[in-house]
Amino acid sequence: MKNGVLLFSSLIFYGWGEPEYIICMVISILVNYILGLLIERYSGSVWGRRWLIVSVVFSLGMLGYFKYADFFIANVNSLTGFSAPMLKVVLPIGISFYTFQILSYTIDVYRKDTKAQKNLLSLATYVAFFPQLIAGPIVRYTDIAQALDKREHSLLKVRIGIRRFLFGISKKVLIANSLGELCKIFADSQERNVLFYWLYAGAFTLQIYFDFSGYSDMAIGLGKVFGFDFQENFNYPFISKSITEFWRRWHMSLGTWFRDYLYIPLGGNRVGRMRWLFNIFLVWMLTGLWHGAAWNFVIWGLFFAFLLMIEKLWSGSFLKKMPDSISHVYVMLLVIISFVIFDAPDLSTSAERLRSMFGMSGLPLTGIQSAYYLRSYFVIFVIAITGSTDLPRRVIGRIRETPFGGIFLTGAEPLVCVLLLLLTTAYLIDASFNPFLYFRF
Amino acid sequence: MKDKKTNRIIVTLTGTLWFLLSLSSWLSPTHEISASERRKLAGFPEFTLKSLVTADFMEGFEQYAKDQFPCRFLFRTIKAYVRFYPLGQKDNNGIYIQDGYAVKMEYPLNEASIERAEDKFRYLYEKYMEGRNVNAYLTIVPDKGYFLSNANGYPSMDYSKLFEMMKTNTDFAEYIDISDLLEIDDYYKTDIHWKQERLTGVADKIRSILGEEKERTGEYTEIEVERPFYGVYYGHSALPMKPDKLKYLTSDLIDDCTVYNWETGKTTAVYDMEKLSGNDPYNVYLSGAAALLEISNPAVKDGKELVIFRDSFGSSLAPLLLDGYSKVTMIDIRYISSDLIGDYITFDDQDVLFVYSTSVLNSSAMFK
């Protein structure tokens with residue numbers, strides 16, 4: 001009954017934004033439900049493997065068709081001189097997320113890490129569950145298999161869930177959207193100078209963090225309200241002291257997915273050096289490609305592959321000896337550069353933006369608009385930078401340890417929740433700009 | 001025990017607030033327009049199978065839900081306060097407050113738009129006026145940003161360049177510079193427009209250039225409208241500002257004039273008192289936006305005619321230019337195609353004045 005209500009609500013939620021493509025998700029669920037049962041039935045035999053291959057090919061085929069077909073055609077056309085027409089397929093919202101969730105299910109059934117779900121309703125609820133359906137985190141079936149059949153609810157869980165949801169939506173609406181406005185102002189502006197490029201780069205880096213982690217917070221919070229415990233997706237990535245650490249803290253559900261279903265099956269680091277490097281190359285190229293069918297995403301992934309290789313081969317131990325401040329600057333500089341590549345519509349734009357950031361385009365250092373927007377967004381930048389670190393959490397921890405700190409925080413919590421609810425409502429009512437960056441993935 | 005109590009408080013508080021907001025959304029009556037924002041609000045979208053499949057219904061519903069949200073202006077004000085004060089942002093929805101004036105950031109200078117305006121004015125001149133004993137004049141009304149933006153660090157268009165471009169490329173018209181006669185006090189605090197009661201100097205200068213026989217025939221009587229005037233920027237900024245006082249200047253000459261609206265076929269007085277109780281009291285001047293208006297001045301028989309190509313700034317200026325003209329025709333090419341003007345007006349032995357604000361020149365795509 002509970003799953004039925006959740007599934008029904010989830011389908012309405014998905015259909016609200018993508019009524020046409022609800023059928024794709026339903027077909028994907030049905031096919032993989034049957035394949036899951038077949039994989040388990042023929043477990044240990046060659047047919048078990050064959051059914052798994054069918055599942056992988058089917059799921060990746062759907063993803064490939066909707067997400068990569070036109071990218072593939074465009075590249076073939078440019079390489080061969082053909083002019084094959086584009087399919088102009090519309091990307092169903094969240095297909096990358098639910099495809100990876102379904103794959104984790106069938107692969108885990110094949111690996112006997114979990115039993116196949118006999119109840120179609122339960123499996124459909126897992127795939128279509130609305131809080132994480134369209135922008136993650138990528139929830140593993142094994143993580144919530146038990147909760148799908150039996151889950152416990154408590155007022156405490158609802159309270160934690162509401163609080164987490166409200167913090168998430170505030171991160172998204174109050175901070176990410178504000179920074180997004182600045183990125184849009186930059187894009188629309190004719191003024192170009194070094195300061196404006198840095199403002200944009202910093203704003204986008206923070207925007208994507210607050211947007212995506214805010215969405216994950218909302219999903220985790222709503223999951224809690226409904227009795228599910230989802231894996232964390234972010235762990236203060238901007239306090240990292242190396243790129244390796246950054247990727248242990250950023251989009252963790254995707255990172256662990258690729259680690260468990262691709263990197264380790266390829267042999268991980270327990271292979272020869274060249275093969276190991278190839279594994280890193282492949283995983284990060286695909287991580288980039290997962291984000292979008294464009295070369296800038298591939299380059300973005302390979303940029304991290306390159307950095308990770310360097311850290312693993314040479315600079316990793318050196319970084320550990322460096323003062324924290326230098327490690328942080330090193331990480332943030334590279335992360336900001338990576339997101340400039342990530343956000344650019346094409347490679348030449350990303351190159352032009354990077355050149356301009358480093359004063360290699362002959363641009364002036366500052367201008368009227370950039371100075372204005374630096375002043376106008378200064379407080380938001382300070383809040384965003386502080387909020388992206390674990391400083392607020394540590395401060396709250398310290399307050400809790402004081403004699404009356406616990407009482408103060410307990411009393412403040414309802415007020416903060418109500419305040420955030422009213423504030424986000426106010427911002428949403430007056431919003432003309434409200435993108436969800438990760439919806440497009 | 002304490003935790004259980006806090007659990008209950010948080011869940012009850014947020015749940016109740018959520019429930020009440022949702023309930024009041026459903027129960028509150030649908031409003032057609034937002035008086036403060038001067039725009040039509042979204043209504044409940046059409047519910048059909050097609051609109052459902054194409055997601056048009058959902059998009060429409062989201063706009064409807066935002067537009068019809070209970071206490072919408074209060075929530076917008078909360079947002080504006082948070083942006084301006086704790087977050088220290090300098091503008092809200094592109095409107096900033098400086099010295100008590102709400103100002104729209106007009107930037108950057110859209111040179112293509114200025115060139116389009118020049119081309120349009122030239123086209124009008126060549127099509128209707130060239131070789132027909134018509135004297136053309138051009139005057140440009142600076143917006144509030146001209147006085148406040150640069151001095152206070154706000155981005156603004158390059159006004160000098162705009163004036164220079166317009167002057168240079170409209171050599172068929174004599175340029176009347178009024179920028180030195182204006183200051184920020186001549187504009188409303190909450191609205192885009194200038195105050196008519198402060199325009200006598202501007203009108204005198206324009207009349208003196210149009211011709212000596214156009215001298216003002218007498219003093220104006222200043223009448224203050226009782227109703228407080230909340231201008232267009234009041235709603236856009238969403239900040240609680242003090243209202244302006246709307247005044248209009250009248251005289252026996254102005255009182256005797258009549259205004260014919262070619263679109264509606266109605267004849268009204270120069271000042272349309274009905275508009276004072278409408279959404280935009282500034283429409284008291286010549287009834288507001290209109291494609292083609294004809295003001296007849298019975299005090300001057302067989303006198304010269306004046307044709308004014310104008311935007312909304314011209315509405316409050318025109319009554320002060322009536323002296324000496326038997327007829328003043330007002331044309332707003334944002335609402336009438338330039339090619340149709342000849343169907344209504346024969347250009348011959350007239351004075352023609354182009355009166356445009358910098359904001360409109362910078363967005364001239366709206367010219368037809």
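Asn279(A) is buried, with a relative accessible area of 0%. Its place is in helix 12 of chain A, which covers residues 273-291. Please keep in mind as you read that this is a predicted model.

**Around Asn279(A)**

- Leaving aside residues up to four places away in sequence, Asn279(A) touches Tyr263(A), Leu266(A), Gly267(A), Gly268(A) and Val271(A).
- Asn279(A) counts as buried because its relative accessible area of 0% falls below the 20% cut-off.

**Helices 2 and 4 of chain A**

- Two packed helices are described by the angle between their axes and the distance between the axes.
- Helix 2 of chain A (residues 22-41) packs with helix 4 of chain A (residues 95-110) at an angle of about 10 degrees, and their axes are 9 Å apart.
- Angles under 35 degrees count as roughly parallel, so helix 2 and helix 4 of chain A are roughly parallel to each other.
- From helix 2 of chain A, the contact takes in Cys24(A), Met25(A), Ser28(A), Ile29(A), Asn32(A), Gly36(A), Ile39(A) and Glu40(A).
- From helix 4 of chain A, the partners are Tyr98(A), Ile102(A), Tyr105(A), Thr106(A), Val109(A) and Tyr110(A).
- The residues of this contact divide into nine nonpolar, four polar and one charged.

**Cysteines**

- How many disulfides does the structure hold over all chains? There are zero.

**Chain B by itself**

- Chain B has 12 helices and 14 strands.
- Taken along the principal axes, the C-alpha atoms of chain B fill a box of roughly 90 × 50 × 40 Å.
- Chain B has 368 residues, and 53% of them count as buried.
- Among contacts in chain B with a separation of 6 or more, 73% come from residues 24 or more positions apart.

- The size of an interface is often given as the accessible area lost when the parts come together.
- Between chain B and chain A, the buried area is about 3,900 Å², and carbon and sulfur atoms give 67% of that area.
- On the chain B side, Ile10(B), Lys79(B) and Leu87(B) lose the most area to chain A, together 14% of what that side buries.
- The contact takes 45 residues from chain B and 42 residues from chain A.

Key: Residues numbered from 1 in each chain as written. Chains lettered and ligands numbered in written order. Predicted model: local features only at pLDDT ≥ 70, side-chain atom pairs only at ≥ 80, totals over all residues. Heavy atoms only, no water. Axes fitted to C-alpha atoms, helices over the stretch in contact; angles between N-to-C directions. Helix = DSSP H or I, 4+ residues; strand = E, 2+ residues; numbered from the N terminus. Parallel < 35°, antiparallel > 145°, perpendicular 65-115°, else oblique. Contact = heavy atoms within 4.5 Å. Nonpolar A, V, L, I, M, F, W, Y, C, P; charged D, E, K, R; others polar. Disulfide = S-S within 2.5 Å. Buried area = accessible area lost by both parts, 1.4 Å probe. Buried < 20%, exposed > 50% of the residue type's maximum accessible area, 1.4 Å probe, protein only.
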